[in-house]
Amino acid sequence: MDVFLKDDQVATRNLTPGISVYGEELIEEEAEYRIWNPRRSKLAAAILNGLNNLRIENDSKVLYLGASTGTTVSHISDIAYEGKVYAVEFSPVTAKKLTRLSRQRPNIYPILGDATKPKEYMNLVEKVDLLYCDVAQPTQTNLFMRNMNMFAKDDALGILMIKARSIDVVQKPKKIFKQEEKKLKEKGFKIIEKVKLEPYEKDHISFLIEKNF
Ligand SMILES: C[S@@+](CC[C@H](N)C(=O)[O-])C[C@H]1O[C@@H](n2cnc3c(N)ncnc32)[C@H](O)[C@@H]1O
């Protein structure tokens, strides 16, 4: 996975040199890199907090649920520069910005769609190596599993970003994380790494998951 890690910074090699996507700093090393802001992207926060079994190859196929305007998507598009990033977003206004980004980055395939209804985009998406889910919805573990079952290759990995307060504002985050973990295990998914996102995001955890069936 081609990411640049130094001190407390992570960066990806810029697929579109000279262009910054969300105001991030561009730096020159042996090529141009984009600083990956952990306060804007939970995946950067997880990597800086020690996530180390994630594999994204230069030709990986990725399905990204909850793409928003493409902050994290853009860094995955840097890493999987010969691959494809299918980016699903259900807000039309937000998806428009994502479409603009995809004009600069041909490996991003924006999809205006609802991740709770994967059948709606099944003809647009192939089997993927990584399924990334960050929709911040109460039912997101269930929709993550449904999408994994439909689109993940047998050896694929999944990333599920959990924000405790999106699931329940009253319960303790620790209890919510356990409850979501149980749902995954009961359906045969294996959590291979758990990384909390503090100090960048409060009461969030990232699960790195593989199919175990
Ligand atoms: C926390 S933001 C994602 C931030 C993004 N992952 C990033 O790092 O740049 C959650 C996004 O998920 C979208 N979303 C929520 N529910 C969704 C659904 N059912 N299907 C698709 N997108 C959804 C929201 O519109 C929002 O843009």
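**Burial, contacts and strands**

Biologist: Is Ala164 buried or exposed?

Modeller: Ala164 is buried, with a relative accessible area of 3%. Buried means under 20% relative accessible area, exposed means over 50%, and partly exposed lies in between, using a 1.4 Å probe and protein chains only. This is a predicted model, in which local features need pLDDT of at least 70 and side-chain atom pairs count only at pLDDT 80 or more, while totals for chains, interfaces and linings use all residues. Residues are numbered from 1 along each chain as its sequence is written, and side-chain values use heavy atoms, with hydrogens and water left out.

Biologist: Where is the place of Ala164, and what is Ala164 in contact with?

Modeller: Ala164 belongs to helix H5, residues 164-167. Helices (H or I, at least four residues) and strands (E, at least two) are DSSP runs, numbered from the N terminus. Setting aside neighbours within four places in sequence, Ala164 is in contact with Pro173, Ile176, Phe177 and Asp203, where contact means heavy atoms within 4.5 Å.

Biologist: Turning to annotation, where does UniProt place the "binding site"?

Modeller: The unreviewed UniProt entry places that feature at Thr71, Thr72, Glu89, Phe90, Asp114, Ala115, Asp134, Val135, Ala136 and Gln137. Of these residues, Thr71, Thr72, Asp134 and Ala136 are included in the lining of the largest pocket. UniProt positions are in the numbering used here, feature names are shortened, and annotations may be inferred rather than shown by experiment. On a 1 Å grid over the protein atoms alone, a pocket is an open set of points with protein on both sides within 12 Å along at least five of seven lines, and lining residues have an atom within 4 Å of a point.

Biologist: Which strand holds Glu89?

Modeller: Glu89 is in strand E6, residues 84-89. Glu89 is buried at 9% relative accessible area. A polar atom of the Glu89 side chain is 2.9 Å from the backbone nitrogen of Ser91. Beyond four places in sequence, the contacts of Glu89 include Gly66, Ala67, Ser68, Thr94 and Leu98.

Biologist: And where does Ala115 lie?

Modeller: Ala115 is in the loop between strand E7 (108-112) and strand E8 (128-133). Ala115 is buried, at 7% relative accessible area. Leaving out neighbours within four places in sequence, Ala115 is in contact with Leu65, Val88, Tyr121, Val135, Leu143 and Asn147.

Biologist: How many residues are in the largest nonpolar core?

Modeller: The largest nonpolar core has 32 residues, of which Trp36, Leu43, Leu51, Leu54, Ile76 and Ile159 touch the most other members. The largest share, five residues, comes from H1. A second, separate core of 31 residues includes Leu131, Val135, Met148 and Ile167. A nonpolar core is a set of buried Ala, Val, Leu, Ile, Met, Phe, Trp, Tyr and Cys residues joined through side-chain atoms within 4.5 Å.

Biologist: How many of the residues in H2 are buried?

Modeller: Nine of the nine residues of H2 are buried, and the helix is mostly covered. Among them are Thr71, Thr72, His75 and Ile76.

Biologist: What about strand E11; why is it described as largely enclosed?

Modeller: Seven of the eight residues of E11 (residues 204-211) are buried, so the strand is largely enclosed by the rest of the structure.

Biologist: In which sense do E9 and E11 pair?

Modeller: E9 and E11 pair in the antiparallel sense over seven bridges; two strands pair if DSSP finds at least two bridges between them. Lys163 stands opposite His204 in E11. Strand E10 (residues 189-196) also runs antiparallel to E11, joined by seven bridges, and Ile191 stands opposite Ile209.

How values were computed: On a 1 Å grid over the protein atoms alone, a cavity is a set of points where a 1.4 Å probe fits but cannot get out, and a pocket is an open set with protein on both sides within 12 Å along at least five of seven lines; lining residues have an atom within 4 Å of a point. A polar contact is a pair of N or O atoms within 3.5 Å; within protein, one must be able to donate a hydrogen and the other to accept it, and residues adjacent in sequence count only if both atoms are side-chain atoms.
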